[in-house]
Amino acid sequence: MLRTTLLAAARSRACRTLVERAPVTRGLVSRYVAGSSLERALPVVEQLTADRLVTLDHLGEDTTDTSQAQDTVDAYTRLLSELGSAGVAERAEVSVKLSAVGRSLPQDGEKIALDNARRICEAAARAGTTVTLDMEDHTTVDSTLSILTELRMDFPWVGAVLQAYLRRTEGDCRDLAGAGSRVRLCKGAYDEPASVAYRDKAEVDRSYVRCLRVLMEGEGYPMVATHDPRLVAIAGVLADSSGRGPGDYEHQMLYGIRENEQRRIAAQGRRMRVYVPYGDEWYGYFMRRLAERPANVAFFARSLLTKS
Ligand SMILES: Cc1cc2nc3c(=O)[nH]c(=O)nc-3n(C[C@H](O)[C@H](O)[C@H](O)COP(=O)(O)OP(=O)(O)OC[C@H]3O[C@@H](n4cnc5c(N)ncnc54)[C@H](O)[C@@H]3O)c2cc1C
């Protein structure tokens with residue numbers, strides 16, 4: 001119920017204004033967001049890449065303005081060139097939301113998003129790194145996978161994201177488990193109806209294990225995106241039983257969450273990638289993180305009522 005309310009608020013303009021203006025917000029946001037600009041995020045990336053891998057997200061989503069979509073492409077191009085200059089491109093890639101590069105535009109959105117994503121892939125190729133397409137709500141899955149197919153014709157390293165809470169995902173894992181296919185498996189962060197998604201946590205977890213088994217037993221490169229200690233342990237067992245070594249898959253976690261566990265995994269010689277968001281369009285991302293953590297919500301709600 002609380003999760004549903006917060007995820008609805010994530011798309012509300014009125015709530016956005018309230019949350020963005022609340023004095024308490026800044027402290028909590030900085031736990032999850034590496035900085036309001038690339039200049040602030042780069043030192044974080046340089047520090048993280050000492051023992052971990054990184055994927056950077058230039059924050060923004062649901063763009064309905066062509067020039068804003070263009071600005072996002074320019075921001076990614078600059079980011080990729082900076083990663084190359086800083087010598088960290090081998091350890092840092094980028095994550096892109098297609099709705100940030102034009103998919104929601106009223107006319108030709110999908111074609112514009114494909115063209116824009118292609119430009120980002122070209123910049124990644126020049127820098128010597130890769131791109132992963134984030135997955136958004138369930139209405140966008142077919143479009144994201146079809147853009148993925150197009151991009152992979154020229155850039156076979158483009159990564160996909162699949163969400164275990166969707167009933168269709170086990171099948172999508174089978175389709176995407178081929179040689180060289182990079183697939184990030186996460187639980188899913190949006191509020192989806194029961195007609196398309198498992199709503200019960202135990203059911204989502206069971207689906208995650210089924211999907212992960214398909215990916216681990218396939219020929220692709222699974223990217224295990226979860227902070228859930230049981231699923232992290234199961235990933236290790238499935239990797240062993242599928243004959244995968246430490247370089248044949250990776251763990252992924254979000255910036256600011258389970259930092260000690262990230263370090264522990266890296267220290268064991270396993271690949272650990274941190275998803276690092278930066279920029280000033282943090283509202284939707286931040287609200288999804290709040291929705292995942294009831295303890296944060298209680299603290300935040302109390303502070304909003306008393307200090308704003
Ligand atoms: C690298 C990465 C990329 C992702 N990309 C996408 C994407 O493209 N599309 C998408 O829909 N979702 C994405 N997600 C989000 C994902 O779908 C989940 O919403 C999120 O990871 C929480 O699920 P969990 O597997 O960690 O399990 P949970 O059961 O939610 O959490 C397990 C434990 O992790 C800790 N934890 C989890 N969330 C938080 C939090 N916000 N604050 C503090 N502690 C927390 C808690 O200790 C919790 O008990 C991504 C997640 C990761 C790690």
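Modeller: What follows goes through the helix pairs one at a time and ends with the ligand.

This is a predicted model, in which local features need pLDDT of at least 70 and side-chain atom pairs count only at pLDDT 80 or more, while totals for chains, interfaces and linings use all residues. Residues are numbered from 1 along each chain as its sequence is written, and side-chain values use heavy atoms, with hydrogens and water left out.

Two packed helices are described by the angle between their axes and the distance between the axes. Start with helix α4 (residues 38-48) and helix α5 (residues 66-85), whose axes come within 12 Å and cross at roughly 40°. (Helices are DSSP runs of H or I with at least four residues, strands are runs of E with at least two, and both are numbered from the N terminus; axes are lines fitted to C-alpha atoms, for helices over the stretch in contact, with angles from 0 to 180 degrees between N-to-C directions.) That angle makes α4 oblique to α5 (under 35 degrees counts as roughly parallel, over 145 as roughly antiparallel, 65 to 115 as roughly perpendicular, and the rest as oblique). The crossing of α4 and α5 is right-handed, the near helix being turned clockwise from the far one by less than a right angle. On the α4 side, Leu38, Glu39, Leu42 and Val45 make the contact; on the α5 side, Arg78, Leu79, Glu82 and Leu83 do (contact means heavy atoms within 4.5 Å). By class, this contact has five nonpolar, no polar and three charged residues (Ala, Val, Leu, Ile, Met, Phe, Trp, Tyr, Cys and Pro count as nonpolar, Asp, Glu, Lys and Arg as charged, the others, Gly among them, as polar).

Next come helix α6 (residues 109-127) and helix α7 (residues 141-154), which pack at an angle of about 40° with axes 10 Å apart. They are therefore oblique to each other, and their crossing is right-handed. From α6, the residues that meet α7 are Glu110, Ala113, Leu114, Ala117, Arg118 and Cys121; they face Ser143, Ser146, Ile147, Glu150, Leu151 and Asp154. The contact of α6 with α7 holds six nonpolar, two polar and four charged residues.

The remaining pair is helix α9 (residues 201-217) with helix α10 (residues 229-241), where the axes come within 10 Å and cross at roughly 25°. This makes α9 roughly parallel to α10. Their crossing is also right-handed. Asp205, Tyr208, Val209, Leu212, Arg213 and Met216 of α9 meet Arg230, Leu231, Ile234, Ala235, Leu238 and Ala239 of α10. Of the residues in this contact, nine are nonpolar, none polar and three charged.

Last, the ligand is surrounded by 25 residues, the closest being Tyr32, Gly188, Thr226, His227 and Glu292 (a residue is near if one of its heavy atoms lies within 4 Å). A polar side-chain atom of His227 lies 2.7 Å from an oxygen atom of the ligand, and a backbone N or O atom of Gly188 lies 2.6 Å from a ligand oxygen atom.

Terms used: A polar contact is a pair of N or O atoms within 3.5 Å; within protein, one must be able to donate a hydrogen and the other to accept it, and residues adjacent in sequence count only if both atoms are side-chain atoms.
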